[in-house]
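Welcome, and please have your viewer ready. We will go from one selection to the next and look at what is there.

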Amino acid sequence: QVQFVESGGGLVQPGGSLTLSCAASGFTFAIYTMSWYRQAPGKERELVATITSTAGSTNYADSVKGRFTISRDNAKNTVYLQMNSLKPEDTAVYYCNARLDIAATIITYWGQGTQVTVSS
């Protein structure tokens, strides 16, 4: 059974920092590409950051480049998102995502989401 435990969200002032964690179980974490998405009220879910299975490559949305860092620990089946210099527009529910592409098949799993609110 696939399970995710997301943590680290909360209320933070502009300019502050948070680190999100997503601990996964029930699948072979090490071979999956892991990503963080976010969804703000009234907006579509958007991709924030991605890290490949071997952590050899990362990609970020332009809006978070230089402020957010995605990382993973395959020994702990956990992906992280370090968020610095937070802005009010970063307020959203953040979701972790696991994705595996096998030939023409895509296997994907979603976490339950954790709320991040940036406000003074």
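How many disulfides does the count come to? This is a predicted model, and the count comes to 1 disulfide.

**Stop one: the cysteines.** Select Cys22 and Cys96, which the disulfide joins with an S to S distance of 2.0 Å. Cys22 sits in strand E3 (residues 18-25) and Cys96 in strand E9 (residues 92-102), so the bond ties together parts that are 74 residues apart in sequence. Cys22 is buried, at 1% relative accessibility, and Cys96 is buried too, at 0%.

**Stop two: the core.** Now show Trp36, Val79, Leu81, Met83 and Tyr94: these have the most contacts inside the largest nonpolar core, a set of 30 residues. Colour the strands next; among those that each supply at least two residues of this core are strand E4 (33-39), strand E8 (78-83) and strand E11 (114-118). The largest share, 5 residues, comes from E9.

**Stop three: Val79.** Centre on Val79 and display its surroundings. Leaving aside residues up to four places away in sequence, Val79 touches both Cys22 and Cys96, and its other contacts include Leu20, Phe29, Met34, Trp36, Ile51 and Ile70.

**Stop four: Thr78.** Step to Thr78, in strand E8. Is Thr78 buried or exposed? With a relative accessible area of 7%, Thr78 is buried. A polar atom of the Thr78 side chain lies 2.8 Å from the backbone oxygen of Lys76. Beyond four places away in sequence, Thr78 touches residues including Cys22, Ala23, Phe29 and Asp73. To finish, draw a distance from the C-alpha atom of Thr78 to that of Thr19: the two are separated by 12 Å and lie 59 residues apart along the chain.

Note on methods. Residues are numbered from 1 along each chain as its sequence is written. This is a predicted model: local features need pLDDT of at least 70, side-chain atom pairs count only at pLDDT 80 or more; totals for chains, interfaces and linings use all residues. Side-chain values use heavy atoms; hydrogens and water are left out. A disulfide is a pair of cysteine sulfur atoms within 2.5 Å. Helices (H or I, at least four residues) and strands (E, at least two) are DSSP runs, numbered from the N terminus. Buried means under 20% relative accessible area, exposed over 50%, partly exposed in between (1.4 Å probe, protein chains only). A nonpolar core is a set of buried Ala, Val, Leu, Ile, Met, Phe, Trp, Tyr and Cys residues joined through side-chain atoms within 4.5 Å. Contact means heavy atoms within 4.5 Å. A polar contact is a pair of N or O atoms within 3.5 Å; within protein, one must be able to donate a hydrogen and the other to accept it, and residues adjacent in sequence count only if both atoms are side-chain atoms.
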